[in-house]
Amino acid sequence: MKNGSFTSLLAGCMGVALSAALFAVPALAADKTVKIGNVEPLSGPSASVGVQGKQAREMAVEEINAAGGIKSLGGAKLELVYADSKSDPTVGVTETERLINTEKVNLMTGCWNSAVTYPATQVAERYGIPFVVPVAVRDTITERGFKNVFRIAAKDSWWVRDQFRFLKDMQEETGVKLKKIAFVFENGDWGTGFAEKWRELAKKDGYEIVLDEPYPSTATDLTPVVTKLKSANPDIVLLVSNAADAILLTNTMTEMQLKPKVVLASGGGHADPKFLENTDTNALGIFDEVEWNTDVNKPAAKPANEKFKKKYGYDLTGESVDAYVAMYVIADALERAASTEPAKIRDALASTNLTTGPGMVVSYDGVQFDETGQNKNAGIVIVQVANVDGKPDRVTVWPKSARRAGYTPVFPANK
């Protein structure tokens, strides 16, 4: 073989190899995944909301991956890796460590329970791993000067602020003046955090606090709590409950013929689909504060909810909407970061300004984090359980601009 022929053959082979390599790059990139660690209460007292969050995440990730994944990473797919916190802070910390050190996740989400989220985010901060908190309302989760923690939902001080705004607005709208107020709440971080701020705002607004009663969410008999409530005879009852205790409280109040003028809950168990399934007409008239409701006036909301309901058999809740949105926030940040390096993902999350797209099913104007990592656009709506077409349903009543057309709130719910 002559040198010229050999050179031509070598060049040809190199060209084929180079072409093959170039064509192989997208395929290899498409096989890559971005691992997202999820610590959720998949068993224990908060298991129902953990499962709802898991299903919402999975639907969002299916959509994102089907749409081509993270294009700036060559079509990399999102991969969800789960751990069960069992609503136990110690387990949550251990599982966060495992996901970061053993599973080698690129970023984290979770944990629904504030008592679990608070220490779990501290672990992620220590390792420099970005942690997106869909919903866990304890204020201090984003008030420790951390650089890697980002919360999508409103914090509890904002929830309490809006509960008292609602009470003031409705009393002005109806001309009804209410004086006596009672606090009944689960005794974890979530409930005690709310109660601390309730006391402050109730005094500021001139209410007389007639009962301030914590209880364990694992309680199987809440008759003593309802007995105290009946004796206190409040006009307004503010509640923080998980699913099982929300059901138990509502049914026990009905059995004991306790009918406060206004019962205002704080999402969580009262927003759980199992609540209406297990309380039925006993829940009529109850107000509930949530991040979202199925009748919220957003273009993406109805199709997302219909798809979720067809897939899983029930409506999205505020908490599951936050989990759904979190996946789109993460995908948006990854697209802009064009990297799986935690520091670059963190910087991209910090500059988030997501206002459009299929993830924007929320009742507020989008996701944009302030310097603490709190979504400064986060907001809530208040619904009332009403008889709609012969069965109890959740109807948006506040803010008034978001109220379902044609519905007049029953306030007070009991005369």
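1. In this predicted model, the lining of the largest pocket draws at least two residues from each of three elements, namely α9 (273-279), α10 (301-312) and β12 (391-398). The space in this largest pocket comes to about 790 Å³, and 30 residues line it, of which T294, K309, D315, D393 and R394 are the closest to its centre.

2. At least two lining residues of the second largest pocket come from each of α8 (243-255), β9 (262-265) and β11 (381-388), and β11 gives the largest share, with four residues. By class, the lining of this second largest pocket divides into 13 nonpolar, nine polar and two charged residues.

3. A separate point concerns helix packing, where a pair of packed helices is described by the angle between the axes and the distance between them. Helix α11 (residues 318-337) and helix α12 (residues 342-350) have axes that come within 8 Å and cross at roughly 115°, and the crossing of α11 and α12 is right-handed.

4. On the α11 side, this contact is made by V329, A333, L334, R336 and A337, while α12 contributes K344, I345, A348 and L349. Sorted by class, the residues of the contact of α11 with α12 are seven nonpolar and two charged, with no polar residue.

Conventions: Residues numbered from 1 in each chain as written. Predicted model: local features only at pLDDT ≥ 70, side-chain atom pairs only at ≥ 80, totals over all residues. Heavy atoms only, no water. 1 Å grid on protein atoms, 1.4 Å probe; cavity = no way out; pocket = protein on both sides within 12 Å on 5 of 7 lines; lining within 4 Å. Points joined across faces, edges and corners; volume = space filled by probe spheres on them. Nonpolar A, V, L, I, M, F, W, Y, C, P; charged D, E, K, R; others polar. Axes fitted to C-alpha atoms, helices over the stretch in contact; angles between N-to-C directions. Left-handed = near helix turned anticlockwise from the far one by under 90°. Contact = heavy atoms within 4.5 Å.
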